[in-house]
Structures are given as C-alpha cells and as structure tokens.
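Please open the structure in a viewer and keep the selection tool at hand. The stops below say what to select next and what is found there.

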Amino acid sequence: MNFGFLSIQQLSRMGKKKRFVFLTRMKRGGRDTDQNSSEEGTAEKFKKLRTTNAHSQTCDWGNLLQDIILQVFKYLPLLDRAHASQVCRNWNQVFHMPDLWRCFEFELNQPATSYLKATHPELIKQIIKRHSNHLQYVSFKSHFISALTVVFVNSKSLSSLKIDDTPVDDPSLKVLVANNSDTLKLLKMSSCPHVSPAGILCVADQCHGLRELALNYHLLSDELLLALSSEKHVRLEHLRIDVVSENPGQTHFHTIQKSSWDAFIRHSPKVNLVMYFFLYEEEFDPFFRYETPATHLYFGRSVSKDVLGRVGMTCPRLVELVVCANGLRPLDEELIRIAERCKNLSAIGLGECEVSCSAFVEFVKMCGGRLSQLSIMEEVLIPDQKYSLEQIHWEVSKYLGRVWFPDMMPTW
C-alpha cells in the first residue's frame with residue numbers, strides 16, 4: 001500500500017506525532033480533492049448552462065418583427081435608412097412599407113458641402129417613384145430643385161407640405177396643385193423667393209380643402225384673401241404670416257385692404273391669424289392703420305410705443321402678444337389700452353421693455369383670470385410710489401387667482 005508515494009515501512013519509521021499529522025493531512029486532502037472535483041464539475045455544468053442560455057437568448061436581428069424595425073426606421077435619416085435596408089431581406093421589405101413613407105422630411109445638403117453629392121437626389125427619385133402614392137406629410141428643405149419636381153410630379157395624395165429654403169417656383173406649384181388638389185390641407189412655405197402671389201393664388205383657387213397656410217408677407221394679397229373666402233373653399237383654421245426685413249429702408253411692404261380682411265373673417269370667423277414681425281421701427285407704417293384680425297402677434301425686434309398703441313386700437317381679436325424689446329419709455333398707456341379693447345387676450349410676454357408696477361397691476365386687474373400665460377421679466381417692472389417689486393407679486397397673484405412671480409434673468 002502506498003500513502004502519497006510513501007511505503008508502509010517509511011511510514012512506520014516516522015514518529016507518532018509526525019505520522020498522525022501526515023495521516024490527517026492525507027485524509028483531509030482526499031476530501032478536498034473530491035470536493036474540488038465536485039466543484040469543478042458543477043462549475044462546468046453552470047458554464048455549459050450559461051452558454052446554452054446565451055445562445056438561446058441571442059437576438060436574431062434579421063428576424064426581428066417588422067413592426068419593431070419600422071418604428072426604428074422612422075427615427076433614421078434618409079441615408080442611414082437606405083443603408084440599413086441593405087442588411088437583409090427582412091429589413092429591405094420594411095424599407096419599402098407604405099407606413100414608413102407617409103410622413104417624412106427630405107433635408108438634403110448643398111452639392112458643394114455634401115460628402116455624398118450624387119446619392120441624395122437619386123435616392124429621393126427612387127423613393128418617390130416607388131412610394132409616390134404613399135406620401136402624405138412631407139417636409140422639404142433642399143436646393144435640389146430636380147428632387148422637389150419629382151415629388152410634385154409623382155405625388156398624388158399629399159396632405160401636408162412644408163417647404164423651407166427651396167427654389168420652388170410658380171410652375172412647380174401648379175404641378176403640385178394639379179396632382180394634390182383634393183388632398184392638400186396644410187402648406188407652409190418659408191424662404192421661397194421664386195414664388196409670386198399668383199402662384200399662391202393658384203393653390204388657394206384649386207385646393208379647396210386647405211386648412212392651414214403659412215407664407216411670407218410678400219405673398220399675401222387681397223386676391224388671395226378673397227380666394228380663401230369663396231363659398232367653395234373650406235374655412236381656414238390657421239394663417240401664419242412672416243413679416244421679415246433684412247435691409248432696413250430697402251423693403252417695401254404693401255397694404256392689405258380692410259374689405260379683404262373683413263371678407264376673410266366672415267368666411268372663417270374662427271381662424272387663427274398669426275403674424276411674426278421682424279422689422280425695424282421705421283418699417284411699421286403700413287401696418288395697424290385700421291382693424292386687423294390678428295390673433296397672435298410676435299415682435300422679434302424693437303417696436304415703438306406708437307405701434308403698440310395702434311395694436312390696442314386695431315386688433316380686437318388679439319389672443320397672444322409677445323414683445324421682445326421696446327425701448328426706455330414705459331408702456332403704461334399702451335398696456336391699459338390693450339386690456340380695454342382686446343377682450344380675448346390670454347397670453348402676454350414682455351422682454352426688454354419698461355412698465356410701472358402700478359400700470360402692470362391695473363393691466364392684470366382688467367384682464368383677470370383669463371391671463372393663462374403671463375411672462376414678464378423682473379427688469380421690466382419699475383417700482384413706483386404705490387408698489388414695490390416685493391409687493392407686486394402679491395397683488396398680481398390676487399387678481400390672477402394663482403401664485404405668480406416675474407421671470408428672473410439667469411446670472412450665468
């Protein structure tokens with residue numbers, strides 16, 4: 001018999017104490033060896049189990065549900081979406097699903113700056129030729145007029161079209177109208193200098209279902225308002241006008257006749273007329289000379305006391321007023337006049353202006369709880385003998401029926 005490579009004779013020559021220690025170690029070592037073997041076997045089983053589970057839980061990306069892939073594709077830019085469609089047959093099928101192309105934004109780079117100059121227009125053409133009947137909500141921002149032409153020529157059921165910074169012209173608009181006159185409900189145009197009032201008039205004459213229209217002021221005309229007011233045309237819900245001047249004194253702004261506005265409002269009494277003004281003070285002369293049915297007014301540049309006074313006299317339908325800057329003269333009388341005559345006013349925002357605390361409290365008192373939005377910078381309010389900045393918080397809150405504080409200018 002051999003104990004760990006020791007014979008019985010060698011073991012008998014050991015002292016009693018040494019022999020006891022040796023045998024104890026051998027006995028314990030045998031158990032440790034068995035235990036280690038058992039643990040190694042268990043660990044191996046767990047390892048195999050984990051490996052099996054990992055293989056069973058590995059996602060087969062090529063066989064994902066198409067509904068899931070569709071939702072992911074909707075968040076991808078056009079070029080990334082096209083690249084993803086080449087992964088497998090399943091993904092390519094999703095790429096051509098009609099639901100993916102009902103709402104899409106075509107935003108293409110300039111040829112001079114694009115690192116894929118030839119890809120974008122061709123990709124647009126392929127998509128339009130295959131999915132022209134599916135396009136419904138399209139936002140187009142591109143200098144590739146050929147791609148835009150393909151959209152207009154091939155689309156048959158556009159419901160919403162937004163065109164920004166694109167060289168669209170009157171002939172292309174006529175093509176759009178010819179193919180989508182029964183379905184077009186929203187048209188927004190921004191920075192489209194090649195379109196004339198006649199082109200927009202063509203849209204209004206033919207697209208009788210148009211409910212929202214956004215355009216630059218130079219496209220607004222008396223003829224357009226009358227066309228939108230005809231019996232065969234549906235009631236417009238939103239009309240947004242951008243009144244923009246880049247070069248002070250060099251832009252001429254025409255005047256819309258009061259009779260045209262009146263006819264428009266009689267036909268669409270609930271229309272929201274939103275006007276964004278980015279003018280210099282000397283360019284406001286053609287505006288607010290007689291009653292204007294504006295509901296939302298935004299003044300992005302400095303506007304004079306005289307213009308705001310005219311707003312109070314000529315805009316009885318006003319719902320929201322935002323003034324970014326005015327100057328150093330308090331707007332006390334102008335605010336009181338607006339509160340008196342604009343009975344629907346529910347939102348106001350004042351930036352770099354000045355209003356005495358007493359006049360502001362009186363303004364809020366006259367408007368009452370209908371002021372759902374009251375955004376006033378603390379620097380706007382000028383303390384006087386009646387109210388300090390600490391007191392005005394309580395007074396305004398009392399008339400609003402809710403806690404109110406002026407807005408604070410960030411210190412960073």
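A cavity here is a set of points, on a 1 Å grid over the protein atoms alone, where a 1.4 Å probe fits but cannot get out; lining residues have an atom within 4 Å of a point. Grid points are joined across faces, edges and corners, and a volume is the space filled by probe spheres set on the points. The model is predicted: local features need pLDDT of at least 70 and side-chain atom pairs count only at pLDDT 80 or more, whereas totals for chains, interfaces and linings use all residues. Residues are numbered from 1 along each chain as its sequence is written, and side-chain values use heavy atoms, with hydrogens and water left out.

**Stop 1: the largest cavity**

Select Tyr 217, His 254, Thr 255, Ile 256, Trp 261, Met 275, Pro 286, Phe 287, Phe 288, Arg 289, Tyr 290 and Thr 292, which line the largest cavity. This lining has eight nonpolar, three polar and one charged residues. In this classification Ala, Val, Leu, Ile, Met, Phe, Trp, Tyr, Cys and Pro are nonpolar, Asp, Glu, Lys and Arg are charged, and the others, Gly among them, are polar.

**Stop 2: helix 11 and its cover**

Next, select helix 11, residues 258-267. Helices (H or I, at least four residues) and strands (E, at least two) are DSSP runs, numbered from the N terminus. Ser 260, Trp 261, Ala 263, Phe 264, Ile 265 and His 267 of helix 11 are buried. Buried means under 20% relative accessible area, exposed over 50%, and partly exposed in between (1.4 Å probe, protein chains only). Among the elements covering these buried residues are helix 10 (222-228), strand 6 (238-244) and strand 7 (272-278).

**Stop 3: Val 244**

Stay with strand 6 and pick Val 244, which lies in it. Val 244 is partly exposed, with a relative accessible area of 29%. Not counting residues up to four places away in sequence, Val 244 touches Phe 253, Phe 278 and Leu 279; contact means heavy atoms within 4.5 Å. Between Val 244 and Leu 279 the C-alpha to C-alpha distance is 5.9 Å, although they are 35 residues apart in sequence.

**Stop 4: the second largest cavity**

Which residues line the second largest cavity? Select Leu 308, Leu 321, Val 323, Leu 331, Glu 334, Leu 335, Ile 338 and Leu 350. The space inside the second largest cavity is about 40 Å³. Strand 9 (320-325) and helix 13 (332-341) each supply at least two residues of its lining, and helix 13 gives the most, with three residues.

**Stop 5: helix 13 against helix 14**

The contact joins Asp 332, Leu 335, Ile 336, Ala 339 and Glu 340 of helix 13 to Ala 359, Glu 362, Phe 363, Met 366 and Cys 367 of helix 14.

**Stop 6: the whole chain**

Finally, display the whole protein chain, which has 15 helices and 13 strands. Of its 412 residues, 42% are buried.

Methods:
On a 1 Å grid over the protein atoms alone, a cavity is a set of points where a 1.4 Å probe fits but cannot get out, and a pocket is an open set with protein on both sides within 12 Å along at least five of seven lines; lining residues have an atom within 4 Å of a point.
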